Amino acid sequence: MNRPSTCRCSPTEGTIVRLEVVAELGCPNEIVRLMDRPWFRRRRVGLGWRPIGWQGWLVTGVAVALAAGALTLLHASSARVPIVILVVAVYAAVALATGGARSADPAAPEDQPNGGEAEIGVGGVEQRLALRALTSGRVSTSSPDEPALVVEHLTKRFGERLAVDDVSFSVAAGEVFGFLGPNGAGKTTTVRMLATLIAPTSGTARVAGLLLDPANGVDIRQRIAVMTENPGLYLRLTVAENLEFFAGLYELAQPKARIGQALAAVNLGGRANDPCGSLSKGLRQRVALARALLSDPAVVFLDEPTSGLDPVASREVQELIDGLRERGVTVFLTTHRLEEAERLCDRVAILNTSMLTVGRPDELRDRLFTKSLVVRTVAPLASPERVFTVAGVDGWRADDTTRYVLTVSDARIAAPAVTRALVAAGADLLSLAEEQHSLEDVYLELVDDDVEAAT
Amino acid sequence: MSGKRIVSVVRKEVREFRRNRFVIGTMAVLPFIFLITPMLTIFKIPESSTGPQVKAAVGTISLLLLIVPIAVPPVIAAYSVVGERDQGTLEPVLTAPVRASELLLGKAAAAFLPSVAITYAIYLVVLTSVRLGAAHVVRTVVFHPPQLLAQILFTPLLALWSIWVGIGISTRASDVRVAQQLATVASLPLLGFTSLISFQLIKPSVPIAIGLALALLAADTALWRIVSRLFDRERLITGHRRTDVRARDHEAAHQARPGERGGPG
């Protein structure tokens with residue numbers, strides 16, 4: 001659709017609809033200018049519209065004149081009533097089609113100096129201040145020593161299919177906990193169970209200090225927030241209206257202030273009056289994140305929060321998660337981005353229907369992989385078996401003619417000893433380094449082993 | 001039950017309707033047709049018409065006006081749950097601290113208020129038109145008090161029935177279109193009921209009107225309870241029925257003590 005390039009419109013849905021209609025009609029610039037601003041504004045209370053601008057008053061005047069004329073001139077005719085009804089119906093249709101935002105809407109786009117333009121990429125200090133304001137009023141609902149989540153033998157079966165099998169773990173208050181696993185591993189099912197959306201087949205859990213039980217459903221949901229993988233926004237509503245709805249569901253005091261803070265925390269302060277349907281996927285994701293922060297929850301479940309975001313936006317979300325950690329919010333992070341989990345999470349769990357492992361990323365590395373040193377020389381060693389028979393080296397293998405991998409118990413003892421031995425043997429050393437294993441190596445090792453065991 | 005949450009749901013629903021041309025169109029066109037038809041009928045009746053002729057004509061008008069609260073809400077009500085599920089907005093709502101009964105009441109109220117307002121507005125227009133321009137014999141029949149009372153009482157009650165049926169279907173339907181078709185079909189039996197009143201096969205005396213209204217109110221309340229029980233978060237999210245924890249525990253207890261039920265062991 002060709003939109004007129006000269007149009008600078010306020011981003012309300014009414015305007016967008018009008019522009020679409022005008023564009024379809026061929027969009028002469030005069031019509032665009034004429035319809036650039038709303039003709040009517042919805043009343044704060046009750047039904048109806050208030051004319052604004054000369055167009056609105058002109059339409060109102062014409063409608064009143066027509067109705068009065070019909071009643072007066074057709075006094076003796078039975079057609080006068082249908083004519084008046086017709087006039088009223090047409091007037092209502094015009095007001096509906098050209099109506100702008102409700103009078104009481106905070107900072108309606110046409111009232112904003114920048115017309116509601118986005119302020120993307122400002123970030124930083126403002127975001128952190130907004131986050132601080134957002135989380136400053138939280139009253140702890142449980143003892144600080146009490147874990148935010150305690151899951152014991154949680155199992156979920158859908159008919160014959162076992163989705164989650166005997167999963168147990170706990171998450172400390174204020175911890176960022178990564179929940180990793182391949183597609184279909186049961187991550188989302190676990191989150192849904194903990195969010196009281198679905199009932200476990202067996203097992204128990206405590207969520208934000210409350211026993212996972214249907215009777216506690218509302219109380220648990222009051223203390224947590226879930227950002228689902230699909231943002232799930234009402235596309236016909238504006239960003240602020242979406243958040244306003246959830247503020248009402250959480251019965252928040254001062255909802256407008258909190259909405260402002262939540263939007264500032266995700267750097268969307270300038271987009272409050274944009275219809276969600278006009279936002280990109282990344283921006284919708286950020287609105288969903290703002291919605292999750294709105295109620296200042298004790299535990300936030302984030303399901304793939306950076307999915308679909310560009311690197312800059314992903315980094316902003318990651319900084320936001322860091323900010324949440326600083327503010328003592330427990331974050332339960334489901335992600336496929338292992339480098340993200342490694343950077344953000346205090347501990348991670350790797351799930352593949354059943355729990356494969358839980359621990360700090362460095363702990364998991366130590367647990368799964370033996371410590372090793374990689375030695376590279378310019379030329380092959382004449383007798384490596386003699387060189388590598390030193391303190392701290394448990395074994396060795398040659399990966400290449402000039403690359404040797406040594407299994408060591410403690411790199412701090414082995415590395416200097418190996419260096420001395422190489423120098424003594426007259427070897428030309430190119431590099432000597434401790435072999436690094438990423439969380440991805442840990443993940444692949446565990447998940448591959450699990451898949452092999454299953455087959 | 002929280003009034004604030006219910007109001008939030010109503011406000012959100014109404015905002016969504018207002019910006020959905022399909023909903024606005026459906027809610028506007030049908031009542032508009034049902035307004036024009038009675039007007040034409042009324043103003044065609046001459047002063048010399050006999051009583052039965054007038055009663056038949058007014059019966060038709062009355063029927064049309066009672067069809068509006070039956071026909072308008074199902075479109076909205078049938079969309080209310082399955083529509084949200086289809087557009088992916090249901091799961092975030094269900095993770096908020098809102099009870100099923102609050103959510104359903106909010107959705108029902110959002111469908112109820114415009115439907116009833118439209119019907120009453122049309123009725124008011126018809127009454128005003130009759131008062132101003134119709135033949136005297138028509139005025140007498142239209143302004144018959146039991147007839148007026150029946151119209152005023154049954155409009156909201158029929159709308160409620162239609163809404164709860166629509167929402168009930170919406171909680172179990174797999175697709176929005178299926179839900180809307182089923183809800184429309186499910187509202188049809190009410191037409192029989194309204195026909196009986198409109199054509200005065202059930203004479204709308206004041207006691208009968210009140211009695212029938214009370215019966216309809218009781219039926220509406222029962223429907224609300226039934227629909228609230230039909231609302232299963234797990235089924236809506238995953239497509240599977242809720243695990244009945246109590247039943248499972250009960251079963252487990254009996255498995256632990258097999259002798260009690262005469263089982264093996």
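## Contacts and make-up of chain B

In this predicted model, residues 24 or more positions apart account for 83% of those contacts in chain B that have a separation of 6 or more. Of the 265 residues of chain B, 43% count as buried.

## Two packed helices in chain B

Two packed helices can be described by the angle between their axes and by the distance between those axes. For H2(B) and H7(B) the angle is about 20°, and their axes lie 10 Å apart. Because angles under 35 degrees count as roughly parallel, H2(B) is described as roughly parallel to H7(B). The crossing in which H2(B) passes H7(B) is right-handed.

On the side of H2(B), the contact is made by Met27(B), Pro31(B), Phe34(B), Leu35(B), Pro38(B), Met39(B), Ile42(B) and Phe43(B). H7(B) meets them with Pro114(B), Ile118(B), Ile122(B), Val125(B), Val126(B), Ser129(B), Val130(B) and Gly133(B). Sorted by type, the residues of this contact between H2(B) and H7(B) comprise 14 nonpolar and 2 polar residues, with no charged ones.

## Where chain B touches chain A

The contact between the two chains takes 34 residues from chain B and 31 residues from chain A. On the side of chain B that touches chain A, at least two residues each are supplied by helix H1 (3-18), helix H2 (21-44), helix H6 (90-94), helix H7 (100-133) and helix H12 (233-238) of chain B. The most is given by H1(B), with 7 residues. By type, the residues on this side of chain B divide into 12 nonpolar, 11 polar and 11 charged.

## A four-stranded sheet in chain A

Strands of a sheet pair through backbone hydrogen bonds, and the pairing is either parallel or antiparallel. In chain A, 4 strands form an open sheet in the order E14-E15-E13-E16, and here the pairing is antiparallel. Strand E14 (393-398) and strand E16 (429-434) of chain A stand at the edges and have a single partner strand each, so that one side of each is left without a neighbour in the sheet. On average, and with direction ignored, neighbouring strands of this sheet are turned by 20° against each other.

Within the sheet, strand E13 (residues 372-377) of chain A pairs with E16(A) in the antiparallel sense over 5 bridges. Val374(A) stands opposite Ala433(A), which belongs to E16(A).

## Two residues with positive phi in chain A

Most residues other than glycine have a negative phi. Asp166(A), a residue other than glycine, has a positive phi, near 50°. The place of Asp166(A) is in strand E4 (residues 161-171) of chain A. With 14 other C-beta atoms within 10 Å, Asp166(A) is partly exposed, because that class lies between the limit of 12 or fewer for exposed residues and that of 20 or more for buried ones.

Thr353(A) also is not a glycine, and its phi is positive at about 70°. This residue, Thr353(A), lies in the loop between strand E11 (347-352) and strand E12 (354-359) of chain A. Thr353(A) counts as buried, since it has 22 C-beta neighbours inside 10 Å.

Definitions and conventions: Residues are numbered from 1 along each chain as its sequence is written. Chains are lettered from A and ligands numbered from 1 in the order in which they are written. This is a predicted model: local features need pLDDT of at least 70, side-chain atom pairs count only at pLDDT 80 or more; totals for chains, interfaces and linings use all residues. Two residues are in contact if their C-beta atoms, placed from the backbone, lie within 7 Å. Ala, Val, Leu, Ile, Met, Phe, Trp, Tyr, Cys and Pro count as nonpolar, Asp, Glu, Lys and Arg as charged, and the others, Gly among them, as polar. Two strands pair if DSSP finds at least two bridges between them. Axes are lines fitted to C-alpha atoms, for helices over the stretch in contact, and angles run from 0 to 180 degrees between N-to-C directions. Angles under 35 degrees count as roughly parallel, over 145 as roughly antiparallel, 65 to 115 as roughly perpendicular and the rest as oblique. A crossing is left-handed if the near helix is turned anticlockwise from the far one by less than a right angle, and right-handed if clockwise.
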